[in-house]
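Hello,

Here is the structure I promised to hand over. My notes follow below it.

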Amino acid sequence: MAVTLKDVAEQAGVSRSAVSRTFTEGASVSARTREKVEKAAAQLGYSPNALASSLTTGRTKMIGVVSNNFQNPIFLEVFDLVTKGLQDTGLRPLLVNLSDETDPANSVRMLKQYSVDGVIVASSTLPVTFAEAFQDAGVPVVHPFGRQVADPKVTTIGIDNHAAGRMAAETLIARGYRKIAFLGGPKDATSTQDRCAGFLGEASKHSGVETSVSYASSYSFDGGRDEMTRLIQEDLAEAYFCGDDVVSIGALSALQTAGIGVPDRVGLIGLNDMEMAGWANINLTTIHNPIKDIIRESIELMKDMLSSERKRPEARLHSGWIVERGTLRLLV
């Protein structure tokens with residue numbers, strides 16, 4: 001039979017409430033009592049029941065990790081970092097797939113049923129109304145990869161998408177490309193919009209540079225491949241800034257299938273620096289997205305929200321940098 005709190009109390013020669021306080025974060029218990037209880041628990045192989053503890057404290061330590069972009073392999077890396085990071089800090093991740101959800105109210109009801117203490121919205125394509133709905137319901141929210149604005153309604157943290165777009169345009173122009181294009185993910189994704197705006201804004205500063213814009217149906221391999229297949233039938237640019245690595249890899253596949261050399265005929269630069277981008281058969285030049293730092297800070301911000309009075313929402317921006325590989329021509 002499972003070892004109970006009562007068994008530990010009898011072994012330690014203390015009350016059951018003393019055992020409960022020992023395993024309740026922040027509860028008052030003397031050093032001598034704690035030592036006796038922990039020794040008895042170790043001898044009996046006792047582990048406190050997390051669910052029972054939540055009934056006592058009113059806190060589940062459960063954090064909803066919600067997203068809707070499971071087609072993109074980069075989010076496997078994101079989920080790995082988020083879940084491990086939460087577990088390492090004593091919090092419990094609850095992964096929620098909102099791919100087919102359109103009503104924020106439904107998501108709020110679902111997460112409240114699980115009594116989550118907070119929500120991490122790990123998506124750049126999920127409308128901001130979802131994060132705002134969680135916060136309006138009294139649930140602490142951090143939105144990594146969300147859109148940064150001057151007066152945010154929820155705490156956001158992510159790469160500076162405008163700066164990344166500018167960096168991509170600067171890089172292509174410095175390599176001698178004069179007919180450049182933006183191939184983004186879904187048009188309504190805020191990350192796509194901001195990367196495109198930065199790209200076009202920088203390109204407009206350079207005379208003799210032509211630009212064009214197109215969008216993949218999703219941040220996915222198939223989305224990038226299908227859109228580049230369409231573009232091949234029209235007038236190809238000399239180089240493309242694909243607003244995401246997986247879109248870039250799909251575009252690369254389409255070009256290779258059509259017998260169009262990369263980077264000899266068409267150059268490509270992506271964004272994220274996902275693990276797959278460095279594979280020898282892909283070798284994608286890209287902009288590094290400091291995802292590890294973004295996730296680490298997101299978890300730190302969530303812990304702060306849970307341990308103190310709610311703070312005013314803030315926006316934090318991180319810089320990216322070029323990772324040189326083999327899909328762009330060398331500097332001229």
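Helix α5 (residues 74–88) packs against helix α12 (residues 291–307) at an angle of about 35 degrees, and their axes lie 10 Å apart. Axes are lines fitted to C-alpha atoms, for helices over the stretch in contact, and angles run from 0 to 180 degrees between N-to-C directions. Helices (H or I, at least four residues) and strands (E, at least two) are DSSP runs, numbered from the N terminus. On the α5 side, the contact (heavy atoms within 4.5 Å) is made by I74, V78, L81, V82, G85 and L86. On the α12 side, I291, K292, I295 and I299 take part.

This is a predicted model: local features need pLDDT of at least 70, side-chain atom pairs count only at pLDDT 80 or more, and totals for chains, interfaces and linings use all residues. Residues are numbered from 1 along each chain as its sequence is written, and side-chain values use heavy atoms, without hydrogens and water.

Now the strands. β1 (residues 62–67) and β2 (residues 92–97) run parallel, joined by six bridges. Strands pair if DSSP finds at least two bridges between them. V65 has L95 of β2 as its bridge partner.

Some backbone details to look at. V262 and P263 are joined by a cis peptide bond, with omega about 10 degrees. P263 sits in the loop between α11 (245–257) and β9 (267–272). D273 is in the loop between β9 and β10 (286–288). Its phi is near 60 degrees, a positive value in a residue other than glycine. S115 also has a positive phi, near 55 degrees. S115 belongs to the loop between α6 (104–113) and β3 (118–121).

Best wishes
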